[in-house]
Amino acid sequence: MSGYVLAIDQGTTSSRAIVFDGKQKVVGSGQKEFTQIFPQSGWVEHDPEEIWESVVWSVKAALKKADVKASDICAIGITNQRETVVVWERASGKAIHNAIVWQDRRTASYCEKLKRQDLEKTFTKKTGLLLDPYFSGTKLSWLLSNVKGARARAAKGDLCFGTIDSFLIWRLTGGRAHVTDATNASRTLMYNIADNSWDDDLLDILRVPEAMLPEVLDCAADFGVTEKSLFGAEIPILGVAGDQQAATIGQACFEPGMMKSTYGTGCFALLNTGTDMVRSKNRLLTTIAYRLDGETTYALEGSIFIAGAAVQWLRDGLKVIKAAPDTGDLAAKADPTQNVYLVPAFTGLGAPHWDPDARAAIYGMTRNTGPAEFARAALEAVCYQTRDLLDAMHKDWKANGKETVLRVDGGMVASDWTMQRLADILDAPVDRPTILETTALGAAWLAGQRAGVWPDRKGFAKSWARDTCFEPKMDEKTRATKIKGWKDAVRRTLSAG
């Protein structure tokens, strides 16, 4: 067999398809952006038809670029923006409403209502999640309440619910498969991650009929076969994982204590805790990292809302840089005697604070503070926030003497200055891989090893290659002083502070 595997990476702003060869190298890709819809302040939607069309276009473009036929592809792996909700008609496959995106905040008041009913503990115990509009369950409940006749139709089994992976699989298989994987299910507020099943109590609270839910499979499983008419040949879909879990897999973080952190618009850090489902006491999320061969591996997850977005603010808001890659060079020129802190709470603070009402602030400015100090503060903010997550994770889960291994990916990791400062603030080594397409690679590996054309877990971990290891160089006194200043800046920024 050829060993070619196709990864579909359906993201928040674009859809991508990447063809990997048998040696896990990229040989062709296609990418297409789609429209961001903002019906009201705080509401974010996507057109499911536009997402579908962008995926089909990207797959065809990737096959053409790789100069391979659909019949050469052994398997498809899918990774997707998590928590985004689609409801469609079982008979026609047509969505009854735009997709409600993970960023959407329309159910904030509903989440507060559930909290007042003292239900957050129930949700957290069963799902590992907090009651926040971020997750799928309250979005689905909103759709059923606000689209005429939807709840009754759902109860009769006429409607299907899915995260984006489920919707794509339904379309790719011509409606023959209504399935999802354990990682995507674990982000819905409706899935019991201890029992690995949809939870009747949570479905009753959210008033969601079980008839509309997909079957939950392992991350590497038989998800169905694509319609021949789409790409010219039937291709088995053998791997699925939500984007952050796929990146964890792509980074080969298979051992407890291994941690990956993705630096894009925001930052998502996952710490593998093995078969130990750690219940966080520090406002982190407990989630499924992956489920393979019926065995569930868990993780602690921390979400930072603003990472690369702070660099975009420097470029588009303050206009102190022309391009994002300029930030590291500018930060290196900053006055070392100035301790300027940016707390980037532009949309509130994520883990471990979960303060949606906090707003961004800058501390420590003097008359000499200029663009270089702003650039350094923006990049250091990402490092400090990662340190906060790592400290919270270590409070929740003892590493049993093992040093945490941090593997990084995402657009920001191309900056050597940022990665060195990250190692300095963490006081831990930071590994940057040679392949930065870790999310797509993770999905491809799930499918490729299931098809028997790619190595198993052990072999894949051996093939992971490091580009650079950034070792901490900052002295302890400087580090402690800087972290103390950061904690004081956060304390001043919190809405209750």
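At 2% relative accessibility, Glu83 counts as buried, and this residue of the predicted model makes a handy way in. Its side chain meets that of Arg187 in a salt bridge, with N and O 2.8 Å apart. Arg187 sits in the loop between helix H7 (182-185) and strand E10 (191-192), while Glu83 belongs to the loop between E5 and E6, so the pair ties together parts that lie 104 residues apart in sequence. Arg187 is buried too, with a relative accessible area of 0%.

What else is linked with this pair? Arg82, Glu83, Arg187, Asp243 and Glu301 are joined in a network of salt bridges. Within it, Arg82 pairs with Asp243, and their closest N and O atoms are 3.4 Å apart. This pair also links distant parts of the chain: Arg82 is in the loop between E5 and strand E6 (85-89), and Asp243 is in helix H10, 161 residues away. Both Arg82 and Asp243 are buried. Over the whole structure, the search turns up 32 salt bridges. Another of them joins Lys156 to Asp158, with 3.9 Å between the closest N and O atoms. Here Lys156 is exposed, at a relative accessible area of 65%, whereas Asp158 is partly exposed at 32%.

Asp243 turns up again where helices pack. The axes of H10 (residues 243-250) and H15 (residues 438-451) come within 7 Å and cross at roughly 80°, which makes the two helices roughly perpendicular. H10 brings Asp243, Ala246, Ala247, Ile249 and Gly250 to the contact, and H15 brings residues including Trp445 and Leu446. Sorted by type, the contact residues are seven nonpolar, four polar and one charged.

Arg421, Asp424 and Ile425 of H14 touch Arg479, Lys482 and Ile483 of H17. This set holds two nonpolar residues, no polar ones and four charged.

Then there is the sheet. Six strands form an open, mixed sheet in the order E3-E2-E1-E5-E14-E13. E3 (26-33) and E13 (220-225) are at the edges with a single partner each, so one side of each has no neighbour in the sheet. On average, neighbouring strands are turned by 25° against each other, direction ignored. E5 (residues 73-80) and E14 (residues 236-242) pair in the parallel sense over five bridges, and Thr79 has Ala241 of E14 as its bridge partner. Helix H6 (residues 164-172) packs on the sheet, touching E1, E5, E13 and E14, with its direction at about 145° to that of E5.

Methods:
Residues numbered from 1 in each chain as written. Predicted model: local features only at pLDDT ≥ 70, side-chain atom pairs only at ≥ 80, totals over all residues. Heavy atoms only, no water. Contact = heavy atoms within 4.5 Å. Helix = DSSP H or I, 4+ residues; strand = E, 2+ residues; numbered from the N terminus. Nonpolar A, V, L, I, M, F, W, Y, C, P; charged D, E, K, R; others polar. Axes fitted to C-alpha atoms, helices over the stretch in contact; angles between N-to-C directions. Parallel < 35°, antiparallel > 145°, perpendicular 65-115°, else oblique. Pairing = 2+ DSSP bridges. Salt bridge = Lys/Arg side-chain N within 4 Å of Asp/Glu carboxyl O. Buried < 20%, exposed > 50% of the residue type's maximum accessible area, 1.4 Å probe, protein only.
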